[in-house]
Amino acid sequence: MNTTKPEKWQQALTDLITCPEELLSLLELDQSAGIIEAAKTFPLKVPRGYVNRMQKGNPNDPLLRQVLPLGLELTIVPGYDKDPLQESQVNPVPGLLHKYHGRVLVTLTSACAIHCRFCFRRHFPYHDNNPGLRGWDNLFAYIQNDPSISEVILSGGDPLTVSDHLLKLFSTSLSSISHVKRLRIHTRLPIVLPERITASLLTWLRELELEAIVVVHANHPQEINEEVRDALFLLRNASVHLLNQTVLLKGINDEVSILALLSETLFDAGVLPYYLHVLDKVEGAAHFDLPIERARELHRALAHRLPGYLVPRLVCEEAGELAKTLV
Ligand SMILES: *Cc1c(COP(=O)(O)O)cnc(C)c1O
Ligand code: SF4
C-alpha cells in the first residue's frame, strides 16, 4: 500500500469539476436546457486547468464543447449505438481486447480525468471489464500464450490515472514476457492534466525495458498551452515516441485552418500526428458527426497544405476489420 500523501496530480484528480452549474458560472455562461439530464447518462468531468484554457462567455468554445453535456445528446438517432465497435465480442479475458494482429489492448482502469462527450466508450461496461490486480494473472497468461503479441497497448479509461507504483508492477511483469517488445500508452492526461508528467513517471519510462510509445489525444490547438508543451518535452526527453490522435468533430475542429494549426502546434511540441478519427457512431454523439465526404475533403485539403509527416491518417473503425480502415 502506498500511504504517502497524494501527489499534486492526484489531488487535481480529486478536485475535478463535476457540477455543470459550477462550470457555467466559472465561464460566465447561462444555464441551458437539458444539461442536467444529459449529465445523468454520462457525468460531467473536467480538470480545472483545462477549464482555464477556455474562453469566458463563449458557449461555443472548442474546449467547452468537448466536455459540456447538452440536451442534444438525449436525441435517439438511428444508426448510433451503445457499443458501436462491438468490442464485447473481442474480449477473451476481462480487461483485454484482442482485435488486431500482434497487439492487445489492456484497460487497467475505467477512470478518466475528463469525460469527452463524443467518447465511444461512454457506454462501455467497464465495471464488468476491470481486471483488478487479481485478474492480472489471467491477463498475463493470455499474453504469454500468444507469441504473436509484440505490443501491449494501455488504453481507456486513462491508464495514466493509475499510480506509478501500479504501472511499474504491470510493466515489470510484462517485461518478463520475451515476445513483448513495445508498451504503448493511449492517454489524454498530458493534454488535460499535464502535471501528471512527474519526475517519478519519467524515471519509470526511462527505466522501462520495453520501447515506449505515448499516444496523446488533442483535438484543438487551444488545448496545447505552455504547461502541456513542457510536459510533452519532458516525455520526449525520456526517449518516448510521441504520437497524437484526433477525433474529427463538427463545430470543434472541422476546418482546415484549425487542423493545420493543430498539426504544427503538435510538431513544435515534439509530437507527430498519427490518426484523424472519423467519429464512432455512439449514441449521444450524433451532433458531432460530419458527412464522410466532408471528412475526405478536409483531409485532402490538409494534405495540400502540410508536409506528409504532418498529415494524420484519416481512419474509421469498423467492427470485425483487422485494422483501422483508411477512409
Ligand atoms: C486502435 C486499436 C489498436 C491499435 O491500432 P493501431 O493501428 O496499431 O494504432 C489496437 N486494438 C484496438 C482494439 C484498437 O481499437
Ligand atoms: S477514454 Fe479518452 S476520449 Fe474517452 S472520455 Fe476518456 S479521455 Fe475522453
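This is a predicted model: local features need pLDDT of at least 70, side-chain atom pairs count only at pLDDT 80 or more; totals for chains, interfaces and linings use all residues.

Trainee: At what angle do helix H6 and helix H7 pack?

Mentor: Two packed helices are described by the angle between their axes and the distance between the axes. Helices (H or I, at least four residues) and strands (E, at least two) are DSSP runs, numbered from the N terminus. Axes are lines fitted to C-alpha atoms, for helices over the stretch in contact, and angles run from 0 to 180 degrees between N-to-C directions. Here H6 (residues 132-144) and H7 (residues 164-175) pack at about 30°, their axes 11 Å apart. H6 and H7 are therefore roughly parallel to each other, a term for angles under 35 degrees.

Trainee: Which residues make the contact between H6 and H7?

Mentor: Contact means heavy atoms within 4.5 Å. H6 contributes Leu133, Trp136, Leu139, Phe140 and Ile143, while H7 contributes Leu166, Leu169, Phe170, Ser173 and Leu174. By class, the contact of H6 with H7 has nine nonpolar, one polar and no charged residues. In this scheme Ala, Val, Leu, Ile, Met, Phe, Trp, Tyr, Cys and Pro are nonpolar, Asp, Glu, Lys and Arg are charged, and the others, Gly among them, are polar.

Trainee: How do H7 and helix H9 cross?

Mentor: The axes of H7 and H9 (residues 199-207) come within 10 Å and cross at roughly 10°. H7 and H9 are therefore roughly parallel to each other. Asp164, Leu167, Lys168 and Ser171 of H7 meet Ser200, Leu201, Trp204 and Glu207 of H9. The contact of H7 with H9 divides into three nonpolar, two polar and three charged residues.

Trainee: Is Thr109 buried or exposed?

Mentor: Buried means under 20% relative accessible area, exposed over 50%, and partly exposed in between (1.4 Å probe, protein chains only). Thr109 counts as buried, at 12% relative accessibility. Thr109 lies in the loop between strand S2 (103-107) and H6. The side chain of Thr109 reaches the backbone nitrogen of Ala111 at 2.9 Å.

Trainee: Where does Pro159 lie?

Mentor: Pro159 lies in the loop between strand S3 (151-155) and H7, and is buried, with a relative accessible area of 0%. Leaving out residues up to four places away in sequence, Pro159 touches Thr109, Leu154, Leu167, Ile185 and His186. The C-alpha atoms of Pro159 and Ser110 are separated by 8.5 Å, although these residues are 49 residues apart along the chain.

Trainee: What is the phi value of Glu28?

Mentor: Most residues other than glycine have a negative phi, and most peptide bonds are trans. Phi of Glu28 is near 55°, a positive value in a residue other than glycine. Glu28 is in the loop between helix H2 (20-26) and helix H3 (35-41) and counts as exposed, at 57% relative accessibility.

Trainee: What is the phi of Ser239, and where is its place?

Mentor: Ser239 has a positive phi of about 65° although it is not a glycine. Ser239 sits in the loop between helix H10 (226-237) and S6, and counts as exposed at 56% relative accessibility.

How values were computed:
Residues are numbered from 1 along each chain as its sequence is written. Chains are lettered from A and ligands numbered from 1 in the order in which they are written. Side-chain values use heavy atoms; hydrogens and water are left out. Angles under 35 degrees count as roughly parallel, over 145 as roughly antiparallel, 65 to 115 as roughly perpendicular and the rest as oblique. A polar contact is a pair of N or O atoms within 3.5 Å; within protein, one must be able to donate a hydrogen and the other to accept it, and residues adjacent in sequence count only if both atoms are side-chain atoms.
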